[in-house]
Amino acid sequence: MPKLAYLGPEATFTEEALRILAPHAEGLPSANVSAALDAARRGEADGAVVPLENSLEGGISSTLDELAWGEPLLITAELLLPVQFSLLTRTEMPLSDVKRVYTHPAAITQCRGFVAREMPDAVVVPAPSTAAAAQEVADPGSPYDAAIAARIAGERYGLVELASGVGDRSDTVTRFIRLSRPGRLPEPTGSDCTSLVAFLTDDHPGALLEMLTEFSVRGVNLTRIESRPTGDGIGRYFFHFDFEGHVAEARVGEAVSGLRRICADVRFLGSYPRADGVAPRIKRGTADDDFAEAAGWLSRIRSGRP
């Protein structure tokens with residue numbers, strides 16, 4: 001039975017994602033994303049499950065930075081999980097009596113409209129996770145009146161669901177990833193995603209366009225691009241890329257190689273099955289057979305054969 005670290009405590013959305021990605025795995029709750037990934041790096045766990053991005057607020061900064069700067073890990077699977085929030089209290093009470101709410105910053109963003117409309121006088125305080133917020137509110141001595149968390153957290157910690165579906169949008173989805181220490185990649189499925197981080201050699205006009213061209217000329221479709229500061233000063237960034245295809249495929253492999261030639265550094269994060277099962281549309285001239293035929297033709301030219 002594999003052991004997987006995850007953003008804890010118990011009853012977070014991340015634990016729910018883990019149970020779907022690896023139903024028979026033993027979960028190791030961790031205090032934060034960094035702790036979960038470090039447990040995998042040190043071998044205390046066989047891997048980790050953490051959130052990567054949300055359909056409302058974009059990338060999870062702590063995860064993006066860990067993937068770029070921490071000891072390398074490989075993404076081996078992903079999951080798109082619908083996220084529904086509940087307002088949880090120790091006892092039944094009117095919404096107007098809720099004055100202090102505890103929840104994760106991502107939930108604050110996603111439930112801002114509900115809080116402003118239904119509890120305009122409430123102060124919302126950031127928590128390490130939604131489950132940690134529920135755990136804290138369950139304590140009779142807690143200074144908080146309510147937590148915004150998953151319904152499962154209310155069930156786990158014996159709380160009353162004062163309101164359900166308190167997110168401002170009902171179609172919110174969080175993307176979770178499973179990671180492991182570097183090793184053999186998942187086999188291509190025909191519906192895959194590849195992720196990497198690219199660092200500019202220097203800042204000059206057209207630098208980003210040069211990177212994008214490596215994908216475009218090979219018919220590789222980008223599904224996400226996100227910039228993050230390097231920490232070396234204002235205006236210094238590196239880039240996270242997600243794109244269709246597996247690095248074992250010729251067009252993807254050549255795009256990755258092209259980036260490596262023009263960038264100061266490229267960190268490969270993995271090729272793995274897409275959660276939505278969507279297969280890429282292969283542009284004319286970019287299938288593996290097309291690359292093989294062109295390589296054979298070039299070889300004949302170089303050897304003096306027609």
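**Helices, sheets and selected residues**

Tutor: Helix H8 (residues 207-216) lies across E12, E13 and E14, at about 15° to E14. Here helices (H or I, at least four residues) and strands (E, at least two) are DSSP runs, numbered from the N terminus; contact means heavy atoms within 4.5 Å. Axes are lines fitted to C-alpha atoms, for helices over the stretch in contact, and angles run from 0 to 180 degrees between N-to-C directions. The model is predicted: local features need pLDDT of at least 70, side-chain atom pairs count only at pLDDT 80 or more, and totals for chains, interfaces and linings use all residues. Residues are numbered from 1 along each chain as its sequence is written, and side-chain values use heavy atoms, with hydrogens and water left out.

Student: What angle does the direction of helix H9 make with that of E14?

Tutor: Helix H9 (residues 250-262) also packs on the sheet. It touches E12, E14 and E15, and the angle between its direction and that of E14 is about 170°.

Student: In what order do the four strands of the open antiparallel sheet lie?

Tutor: Strands pair if DSSP finds at least two bridges between them. Strand E12 (residues 192-199) and strand E14 (residues 237-244) run antiparallel and are joined by seven bridges, with Cys-193 having Glu-244 in E14 as its bridge partner. The pairing in this open sheet is antiparallel, and the order is E13-E14-E12-E15.

Student: Which are the edge strands there?

Tutor: An edge strand pairs on one side only. This applies to strand E13 (222-229) and strand E15 (265-273).

Student: What is the average twist from one strand to the next in the open sheet of five strands?

Tutor: This sheet has mixed pairing and the order E8-E7-E9-E6-E10. Its edge strands are E8 (123-126) and E10 (160-164). From one strand to the next, the twist averages 30°.

Student: Which residue in E9 stands opposite Leu-87?

Tutor: Strand E6 (residues 86-89) runs antiparallel to strand E9 (residues 146-149), and four bridges join them. Helix H6 (residues 130-137) packs on the sheet, touching E6, strand E7 (100-103) and E9. The residue in E9 opposite Leu-87 is Ile-148.

Student: Is Ala-11 buried or exposed?

Tutor: Ala-11 lies in the loop between E1 and H1, where Pro-9 is also found; the peptide bond from Gly-8 to Pro-9 is cis, with omega near 0°. Ala-11 has a positive phi of about 80° although it is not a glycine. The classes of relative accessible area are buried under 20%, exposed over 50% and partly exposed in between (1.4 Å probe, protein chains only). Because its relative accessibility is 0%, Ala-11 counts as buried.

Student: With which residues is Glu-66 in contact, leaving aside its neighbours within four places in sequence?

Tutor: Glu-66 lies in helix H3 (residues 61-69). Its relative accessible area is 14%, so Glu-66 is buried. With those neighbours left aside, its contacts are Ser-34, Leu-37, Arg-41 and Arg-267.

Student: What relative accessible area does Trp-297 have?

Tutor: Trp-297 belongs to helix H10 (residues 288-302). It is partly exposed, its relative accessible area being 49%.

Student: What share of the residues of the protein count as buried?

Tutor: The secondary structure comes to ten helices and 15 strands. The C-alpha atoms fill a box of roughly 85 × 45 × 35 Å along the principal axes. Of the 306 residues, the share that count as buried is 45%.
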